[in-house]
Every structure is written in C-alpha cells, then in structure tokens.
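Here are my notes on the model, as numbered points. Have the coordinates open while you go through them.

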Amino acid sequence: MQKIVVLTGAGNSAESGLGTFRAEGGLWAQHRIEDVATPEGFARDPKLVVDFYNARRAQAAEAEPNAGHLALAKLESEFAGDVIVITQNVDDLHEKAGSQKVMHMHGALKSALCAACAHRWPAPLVMAPGDSCPACNRPAARPDIVWFGEMPYDMDEIFRHLSEADIFISIGTSGNVYPAAGFVAEARSAGAETIEFNLEPSLVGNQFEDIRIGSASETLPVWVDEILQKSRS
Ligand code: BV8
C-alpha cells in the first residue's frame, strides 16, 4: 500500500488569513520568539504568553480552510493508499477541511495542558495564567503548544511514517525549525520521492527532488489531481 506523508507549515494556513512566523510583519516580528514561544518566556511573563495564544486561538476559530487544505483532505479520501498529515501548525484548518489523519507535532490551540499532571482537555477560547487543571485541580494550566527547547509530540510515530513513505511532500514551511526541517532527509533515506511546495525554495529546498513554486492553494490542487489520476491509471 502506497504511503504519502505530508508536512505542513505556516504557509499552508497563510491564505486562510493566519500569520506566518517569518514573513515581514509576521508573528515573530511582533514578538520575540524567546518571549512568547519558550518555557522561559512563559515563566517570566505568563500573561503575555497566554494572551499571545488567546489572540491566535480566536483568529484560528474564525479562519476557514483554503483550497490547499481541501486538496489534502480530498487526497486522503480518494487516494487508494495511506495519507498522513504531520503539521507544524497549531490551528485546526486540516480538520476543518476534512482531513482525518492529522498529527500536531507542535501542539494545538484547541488543547490545554496541565504542567503539573500532563492532563489535556479542550482549551477554553480564553485562557488565563493560573487556570486550574480539571483533573488535579492545581493552578497549572498552560497552552498545549510545543515551545522552543521542548520535545515535539509523537516523534517516534512520525519517524516510523517517514521510514515508510513512498512520497513525502512539504508545504509552506521555511525549513528553519528542527526536527521538522530534517524530515526530508529521513524520507529520502527511506527512498521516498520528495516534493516541496512553497513560494520560494526553503532552507532545505535543495534536498527535495522536485519543487512546485506558487501558492499552496493553487499548486496543491493541481498536484493532488495529478496523483489521483496516476493512481487510477
Ligand atoms: C526541539 C509552536 C529537542 C509555537 C513552534 C539552537 C538553539 C536552541 C534550539 C535550537 C538550536 N538549533 C536548533 C534548535 C532546536 C529548535 C529550533 O529548530 N530552533 C530554530 C529556530 C533554530 N527546535 C526546537 O526547540 C524544537 N524542539 O528541538 O527539542 C529536544 C531534545 C531533547 C529534549 C528536549 C528537546 C521545538 C520547535 C517547536 C517550536 N514551536 N510552534 C507556535 O506556533 O507559536 S515552531 C514555529 O515555527 C511554528 O510552529 C512552525 O512550525 C515553525 C516554523 O515556521 P514555518 O511553519 O516554517 O513558518 P515560517 O513563517 O517560518 O515559513 C512560512 C513558509 O511558508 C515560508 O517558507 C513561506 O515562503 C511559505 N509560504 C508563505 N505563504 C505561502 C507559502 N507557501 C505556500 N503557499 C503560500 N501561500
């Protein structure tokens, strides 16, 4: 059974109105990474961090999936083999588009995490520092987001998928952040065909066999139809 492994980044959600990180005026331009996406930043100023994610949670709640998300959902439902989406994004646009097999390696805005007992529950739209955990009652609730220096989720399962990939595609990510930026090397060593979809080559663009330049909402639907056509012939 053919397996397609998909990695998505902020560029996949850009056309749904959600800011990317490194474009000028992007999320990191308004805040320093160290202040809003590290455990140290959270310890230093929990309100700044919780409010940063409250704003993004509210924005994501209003956002609609774009043609790129819908193409990936169509691929999963119509492709004869297996399609796994591994996303660096913390929005739920893949799920809103109908994708079922989605792995949020950097966490999710819709989830809350207890720093004391590791319980997870659906995050309220607005979180506040010191919210108590519904399981252990301690005031240790935090956004269920993987910050810099923290271990991304489900890495063992992700590396297994990469070792089994026949095709690996990476969409809308700049290749700045590891371990996600290292996935193409893993997939290549497993013999997968590798394709990057971006407005411009990423920092690891030279590791891909093929690159489709353009907006994901345009390049992805074209590629998905090609793949579905090929798998039917
Ligand atoms: C870990 C959640 C190990 C937060 C995120 C040196 C010092 C310290 C650390 C490190 C270091 N070197 C490496 C590291 C590790 C560090 C890292 O990689 N740092 C970088 C900055 C150098 N990584 C980590 O810390 C990771 N953990 O390594 O743990 C470990 C080992 C043992 C024990 C414990 C731990 C954890 C990283 C996760 C951080 N959290 N997100 C949040 O969302 O607020 S990362 C954050 O940036 C996003 O989640 C996203 O994943 C990531 C990358 O951003 P992109 O998605 O690529 O977005 P970007 O804006 O950069 O690019 C957008 C792209 O889209 C562009 O290429 C653009 O051209 C394209 N585009 C735009 N529009 C479109 C488009 N493409 C197509 N169509 C369009 N329309």
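1. Let's start in the parallel part. In β3, Val102 is the bridge partner of Val85. Strand β2 (residues 82–87) runs parallel to β3, and three bridges join them. Two strands count as paired if DSSP finds at least two bridges between them. Helices (H or I, at least four residues) and strands (E, at least two) are DSSP runs numbered from the N terminus.

2. Before going on, a word on what you're looking at. This is a predicted model, so to speak of local features takes pLDDT of at least 70, and side-chain atom pairs count only at pLDDT 80 or more, while totals for chains, interfaces and linings use all residues. Residues are numbered from 1 along each chain as its sequence is written, and side-chain values use heavy atoms, with hydrogens and water left out.

3. Which sheet do β2 and β3 belong to? They sit in an open sheet of six strands with parallel pairing, in the order β3-β2-β1-β7-β8-β9. At the edges are β3 (102–104) and β9 (210–213), each pairing on one side only. Direction ignored, neighbouring strands here are turned by 20° against each other on average. Helix α6 (residues 67–78) packs on this sheet and touches β1 (3–8), β2 and β7 (167–171), with its direction at about 160° to that of β1. Contact here means heavy atoms within 4.5 Å; axes are lines fitted to C-alpha atoms (for helices, over the stretch in contact), and angles run from 0 to 180 degrees between N-to-C directions. Helix α8 (residues 155–163) lies across β1, β2, β3 and β7 and runs at about 130° to β1.

4. Now have a look at β7. Five of its five residues are buried, so β7 is largely enclosed by the rest of the structure. Buried means under 20% relative accessible area, exposed over 50%, and partly exposed in between (1.4 Å probe, protein chains only). In a regular strand the side chains alternate between the two faces of the sheet. Both faces of β7 are covered, with Ile167, Ile169 and Ile171 buried on one side and Phe168 and Ser170 buried on the other.

5. What does β7 pair with? Five bridges join β1 to β7 in parallel, and Val6 stands opposite Ile169. Five bridges also join β7 to strand β8 (residues 193–198), again parallel; there, Glu196 in β8 is the bridge partner of Ser170.

6. There's another sheet to check. This open sheet of three strands is antiparallel, in the order β5-β4-β6. β5 (120–122) and β6 (141–145) stand at the edges with a single partner strand each, so one side of each has no neighbour in the sheet. Neighbouring strands in this sheet are turned by 45° against each other on average, direction ignored.

7. Ser111 stands opposite Pro122 in β5, and Leu113 has Arg120 as its bridge partner in β5. Seven of the eight residues of β4 are buried, so β4 is largely enclosed by the rest of the structure.

8. α5 has 17 residues and reaches 25 Å from first C-alpha to last, close to the 24 Å expected at 1.5 Å a residue (the expected span is 1.5 Å times one less than the number of residues). The buried residues of α5 include Val49, Phe52, Tyr53, Arg56 and Arg57.

9. Finally, the whole chain. The secondary structure comes to ten helices and nine strands. The radius of gyration is 18 Å, close to the 17 Å that the globule rule gives for 233 residues, so the chain is as compact as a globular protein of that length (taken over C-alpha atoms; the rule is 2.2 Å times the number of residues to the power 0.38). Of the 233 residues, 51% count as buried.
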